[in-house]
Amino acid sequence: MMSSELTAAPLAARVQRKAIGVGIRLFFAWSHLAYRLLPPWGGKLRAVDHLTVPCSDLRVAERFYVGLLGARLMMRVDAPSLARMGRPADEIARSVHLTVVFAGGPRLDLFESPIGQPPRAAAHPHCALWVAPGRLLAWKKRLTDAGVPTYGPTRLGPPGQASLYFNDPFGNRLELTTLGFTAEIPAGAPDVSALDYTWAGP
């Protein structure tokens, strides 16, 4: 769906969608705080530390995740550094990776691997990234201008929730999600068959 097809909702609906978005974000914040504050304190897991994403070419992965999506490159873990860490020689080739981070959430470790991507027709697994509601359409344009097909925005949650789906150059499914989106959008899961492409770079 192109952004030009979106229509503005009536004022009451826009206010309702913003309020629902704020309410859900407050509920999430309270749930995180309650988890930390309620007993038992000592045995709780703290947070998701990192997720791994298989990428067949780390140079392309860096251009996509850092150059296009704006992640910050934390570190490169190459063969010499793995050897210095004492990793066995037969593990080194499959352990080379880049570590990137966004403004919040866990880090992503982009591992050099020709396998491991989800089937092209599968909706899961995917990695969802948070975006402000007023920036979702700007991200859609940025991705489209870079030659990355998208699906959405579409709604899978309550009024005001919106998701934009796309793949990285290796077929890993990604989602930009937000709450408080005020435009009228259809509800329903993405047509993931529309997301295949060969990326030429930004």
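Asp49, Arg107 and Asp109 are joined in a network of salt bridges, a salt bridge being a side-chain nitrogen of Lys or Arg within 4 Å of a carboxyl oxygen of Asp or Glu. The model is a predicted one, in which local features need pLDDT of at least 70 and side-chain atom pairs count only at pLDDT 80 or more, while totals for chains, interfaces and linings use all residues. Residues are numbered from 1 along each chain as its sequence is written, and side-chain values use heavy atoms, with hydrogens and water left out.

Side chains of opposite charge can pair when their charged atoms come close. Seven salt bridges are present in the structure. In the one between Asp49 and Arg107, the closest N and O atoms are 2.8 Å apart. Asp49 sits in the loop between helix 1 (11–37) and strand 2 (50–55), whereas Arg107 belongs to strand 5 (residues 107–112), so this pair ties together parts that are 58 residues apart in sequence. Helices (H or I, at least four residues) and strands (E, at least two) are DSSP runs, numbered from the N terminus. With a relative accessible area of 49%, Asp49 is partly exposed; here buried means under 20% relative accessible area, exposed over 50%, and partly exposed in between (1.4 Å probe, protein chains only).

Arg59 and Asp57 form a salt bridge with an N to O distance of 3.7 Å. The salt bridge between Arg87 and Glu91 has an N to O distance of 3.0 Å. In this pair Arg87 is partly exposed, with 35% relative accessibility, and Glu91 is also partly exposed, with 24%.

Within helix 5 (residues 136–145), the buried residues are Leu136, Trp139, Lys140 and Leu143. These residues cover an arc of only 105° around the axis and therefore lie on the same side of helix 5, the arc being that of the directions from the helix axis to the C-beta atoms. Their packing partners are helix 2 (58–68), strand 7 (151–154), strand 8 (162–167) and strand 9 (173–178), where contact means heavy atoms within 4.5 Å. Lys141 and Asp145, on the other side of helix 5, are exposed. After helix 5 comes Gly147, which has a positive phi, near 85°.
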